[in-house]
Amino acid sequence: MKTLVERYISDGQPVGSRVLSKGSELNLSPATIRNVMADLEDMGLVHSPHTSAGRIPTVSGYRMFVDTLLTFKPLESKDLFRLHEGLAAKEDNSDLIGKASRLLAELTQMAGIVTLPRRETVCLRHIEFLPLSNTRVLVIFVTNEQEVHNKIIKTDKKFSASELQQAANFINSIYAGRSLQAVREAVLKELKEDQQRMNQGMMDAIKIAQLALEPTDKKEDYVLAGETNLMGFSELAGRDNLKKLFEAFSQKQSVLHLLDHCMKAEGVQIFIGEESGYQAFDQCSLVTSSYSISDEVVGVLGVIGPTRMAYEKIIPFVDITAKLLGAALNPKTATPSS
């Protein structure tokens, strides 16, 4: 089974018994190999696209290969160097996310995808409130010692600059260093349970913080690169296949839902063909790994390609890229080695 899958991944053509007999070290006759292949077909691990053709792996066959038969290959030194060089620069987070996506695409010749860090999981370092016209307030907050965000909110009354400064000082003294999600939960709890013990200034600060940290309706996004590389694979190059794929990339909902599942699991995750649950990816495999900031998972990156991908190379590639991106996004994290 291992030899058959590796041969099909390499050549992209149905594998016959004579090819396996001549081109491998199995030391078995074509007749014996045909019997073994018939057994594998009965088990649902391979199938024949045509009556007289050789066999190709099914999704179950790929899954067996990946889970039990795969021998990983270390990254080539030139690829590892490009990853280290590309993701070691001190750039804005958004630039690093884009660069990671492009490197995944360029070095695998498939599609590279990286989700933006989840805002709820990053840590609040500092927050400021500045008065605008009427009851509008500009909120400026820093997360993870690097990212600066801003947002305009409307309060139920007008606040002076000094009142807003006092509110910011109160929030920073209590909640700095905690994730935005944890701060939001704590603020809601304060409003529900502890109003009687708070003076008016504390109450105002909590209410302003609630408005400032309300989640937006905008869904988490991702950066995609190299999607046109998929046109180079014959099994994906059909008009209908490409249309479904590019519609999924454009609409994003199905892709984000799939990547969200990957964030909930540790290590490298692999979806082969219909395992994804989305028809657009029936001919594709998605290999992903989560990346972390301050030991907290904030996003996912991965490679999308045909089911006939070189898993032994792609899996370690995705794994080390996730570690390098996490290290680059978190200045306190040492850069991992291969």
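## An aromatic cluster

Phe246, Phe249 and Phe281 form one aromatic cluster; rings of Phe, Tyr and Trp (its six-membered ring) pair if their centres lie within 6.5 Å, with planes under 30 degrees apart called stacked, over 60 edge-to-face and the rest tilted. By this rule there are 3 aromatic pairs.

Before going on, a word on the model: it is predicted, so local features need pLDDT of at least 70 and side-chain atom pairs pLDDT 80 or more, while totals for chains, interfaces and linings use all residues. Residues are numbered from 1 along each chain as its sequence is written, and side-chain values use heavy atoms, leaving out hydrogens and water.

## A pair across the chain

Which pair links distant parts of the chain? Tyr62 and Tyr311 form a tilted pair, 6.0 Å centre to centre with 55 degrees between the planes. Tyr62 is in helix α4 (residues 59-69) and Tyr311 in helix α12, 249 residues apart; helices (H or I, at least four residues) and strands (E, at least two) are DSSP runs, numbered from the N terminus.

Tyr311 is buried, with a relative accessible area of 0%. Here buried means under 20% relative accessible area, exposed over 50% and partly exposed in between (1.4 Å probe, protein chains only). Tyr62 is buried as well, at 2%.

## The nonpolar cores

Tyr311 comes up again in the largest nonpolar core, which has 71 residues; Tyr311 and Leu325 have the most contacts inside it. Such a core is a set of buried Ala, Val, Leu, Ile, Met, Phe, Trp, Tyr and Cys residues joined through side-chain atoms within 4.5 Å. Helix α12 (residues 311-329) gives this core its largest share, 11 residues. Apart from it lies another core of 27 residues, among them Val139, Leu180, Ala186 and Met198.

The buried residues of α8 include Leu180, Val183, Ala186 and Leu191. Seen down the helix axis, the buried residues of α8 fall within an arc of 165 degrees, so they line one face; the arc is that of the directions from the axis to the C-beta atoms. They pack against β4 (124-131), β5 (136-143), α7 (161-175) and α9 (200-212), where contact means heavy atoms within 4.5 Å. The face turned away carries the exposed residues Lys192 and Glu193.

Most residues other than glycine have a negative phi. Asn134, in the loop between β4 and β5, has a positive phi near 55 degrees. Asn134 is exposed, with a relative accessible area of 58%.
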